[in-house]
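Biologist: I am new to this structure. Please show it, and then I will ask about the terms.

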Amino acid sequence: MLLKDKVAIVTGGSQGIGRRIAIVFAAEGAKVVVAARNLARLQETVDAITEKGGRALAVQTDLCDEKQIEHMVALTIKTFGVVDVLVNNSGVAGPTVSVADTDLGQWNETLAINLTGSMLCAKHVLKHMIPRKCGAIVNIGSERGRTGDGKSGSPMRASYACSKAGMIALTECLSTEVGTHNIRVNCVTAAAVRGERIVNVFKHQSEATGVSFEELMSKMVEDYSLRRAVEPDEVARAAAFLASDAASGITGQTLPVSCGIHVIF
Ligand SMILES: NC(=O)c1ccc[n+]([C@@H]2O[C@H](COP(=O)([O-])OP(=O)(O)OC[C@H]3O[C@@H](n4cnc5c(N)ncnc54)[C@H](OP(=O)(O)O)[C@@H]3O)[C@@H](O)[C@H]2O)c1
């Protein structure tokens with residue numbers, strides 16, 4: 001088991017990729033805290049884990065509120081004694097709109113949840129990881145946020161892409177700060193992952209660009225070497241590896257789980 005007896009916080013564990021991460025981590029032996037706003041959906045994740053004999057806790061948390069994050073981390077320590085792993089998975093798709101038409105409120109909300117919320121979760125778990133001199137943080141980024149290789153530009157998606165580019169910068173900066181405390185920080189960048197979120201993103205992109213939904217979907221698949229979208233489990237397994245001692249020599253890195261994307265979607 002990759003994560004035997006580790007205590008892991010997974011933000012956004014109420015659905016989608018975050019739920020898969022929580023379930024895979026529990027199957028790998030971790031005690032899991034899932035944090036998001038919708039308590040009923042968080043509880044469904046906890047039930048799925050406990051039905052299989054695992055241990056999990058749901059903590060209602062809005063990442064836009066630092067006090068709630070502090071409370072969530074405190075409850076993790078109270079319940080399980082320590083925190084070994086943080087997976088910063090919560091994130092919203094943000095608006096599909098040109099920069100010229102961007103509403104500041106929507107821009108700020110996307111950055112607040114996707115990037116600032118992740119930074120604050122890291123800040124509060126580090127208070128417990130640094131004295132123990134161990135820990136792993138895995139940030140869930142996106143291929144839309146990859147920079148420096150000419151692949152990050154996607155029309156109408158600036159707020160999301162900037163928030164996810166920020167996750168890579170956060171990963172790299174933080175890894176240099178906490179390495180001497182034996183804490184590792186890495187990022188998984190996913191391309192389009194099969195599920196409700198990506199269907200909605202492509203619907204909005206279709207409305208904004210006039211290109212049909214079907215054309216966008218088939219173009220996406222053509223641009224991936226494996227000719228398919230990523231499975232949620234594939235992101236979860238990459239996160240489990242980076243969170244585990246099997247990745248003990250890896251920090252400050254970005255691991256694409258992209259089915260071999262060669263053109264940005
Ligand atoms: N789906 C893809 O194709 C894809 C590709 C690349 C990267 N990603 C990234 O992978 C992560 C998960 O994506 P997904 O597809 O699973 O999305 P999703 O199904 O929309 O789930 C998003 C999660 O974020 C939580 N969340 C949203 N706002 C929050 C807030 N203010 N405070 C706390 N939690 C909040 C949601 O829970 P509540 O609403 O209950 O708060 C939910 O659990 C995201 O960071 C996303 O950007 C996804």
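Modeller: Start with Cys-134, which is partly exposed at a relative accessible area of 23%. This is a predicted model, where local features need pLDDT of at least 70, side-chain atom pairs count only at pLDDT 80 or more, and totals for chains, interfaces and linings use all residues. Residues are numbered from 1 along each chain as its sequence is written, and side-chain values use heavy atoms, leaving out hydrogens and water.

Biologist: Why is Cys-134 called partly exposed?

Modeller: Buried means under 20% relative accessible area, exposed over 50%, and partly exposed in between (1.4 Å probe, protein chains only). Cys-134 has 23%, so it is partly exposed.

Biologist: What makes Cys-259 count as buried?

Modeller: Its relative accessibility is 8%, and the cut-off is under 20%, so Cys-259 is buried.

Biologist: What makes β5 and β6 a pair?

Modeller: Two strands (DSSP runs of E, at least two residues, numbered from the N terminus) pair if DSSP finds at least two bridges between them. Eight bridges join β5 to β6 (residues 183-190), so they pair, and they run parallel. Asn-139 has Cys-187 as its bridge partner in β6.

Conventions. Helix = DSSP H or I, 4+ residues; strand = E, 2+ residues; numbered from the N terminus.
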